[in-house]
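Please keep the sequence and the model in view while reading.

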Amino acid sequence: RFCLPLVLASLPTMATGEEIAPALQDAWGDFWLFRFFVNAAGYASIVVPGFLLIQYFKRRNYLETGRGICFPVIKSCVFGSEGKSSVLQDDGSLPLRAESTESSTARQVFKLLFCAVGLQASYLTWGVLQERVMTRTYGATETDPGEKFKDSQFLVFMNRILAFTVAGLYCALTKQPRHGAPMYKYSFASLSNILSSWCQYEALKYISFPTQVLAKASKVIPVMMMGKLVSRKSYEYWEYLTAALISVGVSMFLLSSAPHRTVSTVTTFSGIVLLAGYIIFDSFTSNWQDALFTYKMSPVQMMFGVNVFSCLFTVGSLLEQGALLESLRFMARHSEFTAHAVLLSVCSACGQLFIFYTINQFGAAVFTIIMTLRQAFAILLSCLIYGHTVTVVGGLGIAVVFMALFLRVYARSRMKKRSKKLPPGETPVQKV
């Protein structure tokens, strides 16, 4: 069945073929599962040869026997240059830079405002543009209904190419730790990151933006489940409590939206599957990046390494499908889309830099609070701009979700303060 559109497209042009073939091609092209497998096939055409090359160099013991001009490149890509580092934070990141004791309170307040405004502006603009690009038409007139942009992978490519450029310039202009991780290991996080971003864009065709934001806020639940099953991690009672509250809040919002069968609020089966794909791939990305941080590297080096492979995968897949030229033609036809796509990429790249700077200056707890507020503002902004309706029960569900998220931040910060006050060698006693 999947070959039928290709077969029809290859037939000689006839009166009936001119009408039937494009219609069938469009029907298959609009089916998200078909596009997913086509994209995955494109990534596989790069991953499989790369995997075979890596296995070949390892079996040949190339690190000891290799010579020539390509040796440094192959060594860096396949073997790396340094061992792992044990100097890490609890969250797997590099140690935070110590703030100067003579730094004034006013200066700290200014830095905090700068970080908060930068994060809010970057990601709120990104969210509004994301919904605009994926759900609205371009070039609409009184006689022409316009056309929608359909290729989510091209948007992922635009975001990654700019992030790659920004991270590369940052690494070139600032002092960074000596890189030691084998480059190919970034490809795993890159592939899952591409797929999670693709699912995120595609999901907006089937669900409302507020629903997507709440689903992203609730991804702590599958992350905990994965940690319990795969890594045998143990969690505190408050972590289970907040996870249960998040589940209740999301359920309240989704159930309150179900009776209203409008295009903007209905949650379809395809939307649920795509959201599940986003959460699964995104959970893998964060866990794999945590593992990579055991090598001595900075967050910007991580950003650069992941985006190198993201650009390679997406541009390779787009070229194989012929979608790159089609997307560029769409940009040429609609200058408004070009502005939106570029601004979307700028906001994404700047947002990542603000993330690194905020965590470096104030820690993960302050960053989590800012981003949690951003999610709440994103829902409010989307409802105001695009007319999404939220019932009283749905509003209570949203409030429960964000109350649980703030409770998690508060409880985690209390646990860290308590553990710091204890003498060395003692662990905090958990009171139930």
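The model is predicted: local features need pLDDT of at least 70, side-chain atom pairs count only at pLDDT 80 or more, and totals for chains, interfaces and linings use all residues. Residues are numbered from 1 along each chain as its sequence is written, and side-chain values use heavy atoms, with hydrogens and water left out.

**Whole chain**

- The protein chain has 17 helices and 0 strands, taken as DSSP runs numbered from the N terminus (helices: H or I, at least four residues; strands: E, at least two).
- Of the 432 residues, 42% are buried (under 20% relative accessible area, 1.4 Å probe, protein chains only).
- The accessible surface is about 23,200 Å², and carbon and sulfur atoms account for 68% of that area (Shrake-Rupley method, 1.4 Å probe).
- Among contacts (heavy atoms within 4.5 Å) between residues at least 6 apart in sequence, 82% join residues at least 24 apart.

**Helix 13 and helix 15**

- Helix 13 (residues 299–321) packs on helix 15 (residues 335–362) at an angle of about 150°, with the axes 10 Å apart; axes are lines fitted to C-alpha atoms over the stretch in contact, and angles run from 0 to 180 degrees between N-to-C directions.
- The two helices are therefore roughly antiparallel (over 145 degrees).
- Helix 13 passes helix 15 in a right-handed crossing (near helix turned clockwise from the far one by less than a right angle).
- Pro-299, Val-300, Met-303 and Asn-307 of helix 13 make the contact with Ala-349, Gln-352, Leu-353 and Phe-356 of helix 15.
- This contact of helix 13 with helix 15 has 6 nonpolar, 2 polar and no charged residues (nonpolar: Ala, Val, Leu, Ile, Met, Phe, Trp, Tyr, Cys and Pro; charged: Asp, Glu, Lys and Arg; polar: the others, Gly among them).

**Helix 7 and helix 15**

- Helix 7 and helix 15 cross in a right-handed sense.
- Residues of helix 7 in this contact include Leu-155, Met-158 and Asn-159, and those of helix 15 include Phe-337, Ala-349, Gln-352 and Leu-353.

**Helix 3 and helix 8**

- Helix 3 (residues 32–59) and helix 8 (residues 186–203) cross at roughly 160°, and their axes come within 12 Å.
- Helix 3 and helix 8 are therefore roughly antiparallel, and their crossing is right-handed.
- Among the residues that meet are Trp-32 and Arg-35 in helix 3 and Trp-198 and Glu-202 in helix 8.
- The contact of helix 3 with helix 8 has 8 nonpolar, 1 polar and 2 charged residues.

Notes. Parallel < 35°, antiparallel > 145°, perpendicular 65-115°, else oblique. Buried < 20%, exposed > 50% of the residue type's maximum accessible area, 1.4 Å probe, protein only.
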